Amino acid sequence: MTTDLTDTVLESWLRSYVRVRNICAHHERLWNRILGTYPVIPRNKDIQWLTGTPGQRPGNGQSSEQRRLYLVLVSLQSILFTVSPRSTWASRLATLLGRYPHVPRQALGMPEGWSDDPFWRKALDSARHR
């Protein structure tokens with residue numbers, strides 16, 4: 001992420017974090033929910049973002065999968081690449097998801113093989129080399 005993150009994109013990310021926080025604070029279901037507020041996909045190529053899944057690249061609109069938790073997780077990791085490049089958050093996320101294989105990933109908006117996207121590979125590899 002660079003200083004080229006627009007106000008519109010950052011505001012949408014922050015609003016989605018507030019929405020997720022409120023859902024969690026009120027002990028509501030999060031894993032298979034359409035959030036209503038979701039992160040805008042950045043168009044700036046300097047901002048680290050998913051590369052592999054066509055429906056999650058900039059400019060493709062917002063599908064129902066994009067209105068679920070997954071893109072919130074992606075935006076959090078995008079910010080962590082800058083503010084905490086040595087973070088192990090992605091690794092802890094993968095471990096948590098591995099502990100609950102019965103939770104359908106598509107209900108989170110996650111594509112099959114999500115961790116194989118170069119975006120996540122970079123995050124997971126940096127956590128391993130820490």
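1. α2 gives the most to the lining of the largest cavity, with three residues, and α2 and α4 each supply at least two residues of that lining. Helices here are DSSP runs of H or I with at least four residues, numbered from the N terminus. The model is a predicted one, in which local features need pLDDT of at least 70 and side-chain atom pairs count only at pLDDT 80 or more, whereas totals for chains, interfaces and linings use all residues. Residues are numbered from 1 along each chain as its sequence is written, and side-chain values use heavy atoms, with hydrogens and water left out.

2. The largest cavity has a volume of about 30 Å³ and is lined by Q77, L80, F81, S84, P85, S87, A123 and S126. A cavity is a set of points, on a 1 Å grid over the protein atoms alone, where a 1.4 Å probe fits but cannot get out, and lining residues have an atom within 4 Å of a point; the volume is the space filled by probe spheres set on the points, which are joined across faces, edges and corners. The lining divides into four nonpolar, four polar and no charged residues, where Ala, Val, Leu, Ile, Met, Phe, Trp, Tyr, Cys and Pro count as nonpolar, Asp, Glu, Lys and Arg as charged, and the others, Gly among them, as polar.

3. The largest pocket, a pocket being an open set of grid points with protein on both sides within 12 Å along at least five of seven lines, holds about 250 Å³ of space. L69, L73, W89, R92, L93, L96, L97, Y100, V103, R105 and L108 line this pocket, and the elements that give two or more residues to the lining are α2 and α3. The largest share, five residues, comes from α3, and the lining as a whole divides into nine nonpolar, no polar and two charged residues.

4. The largest nonpolar core has 32 residues, and those with the most contacts inside it are W13, L50, Y70, V74 and W120. Such a core is a set of buried Ala, Val, Leu, Ile, Met, Phe, Trp, Tyr and Cys residues joined through side-chain atoms within 4.5 Å. Two or more residues come from each of α1 (7-25), α2 (69-83), α3 (89-99) and α4 (118-128), and α2 gives the most, with nine residues.

5. α2 is mostly covered, since twelve of its 15 residues are buried, that is, under 20% relative accessible area with a 1.4 Å probe and protein chains only. Among the buried residues of α2 are Y70, V74, Q77, L80 and F81. At 1.5 Å a residue, α2 should span 21 Å, and its end C-alpha atoms are 21 Å apart, which agrees; the expected span is 1.5 Å times one less than the number of residues.

Conventions
Buried means under 20% relative accessible area, exposed over 50%, partly exposed in between (1.4 Å probe, protein chains only).
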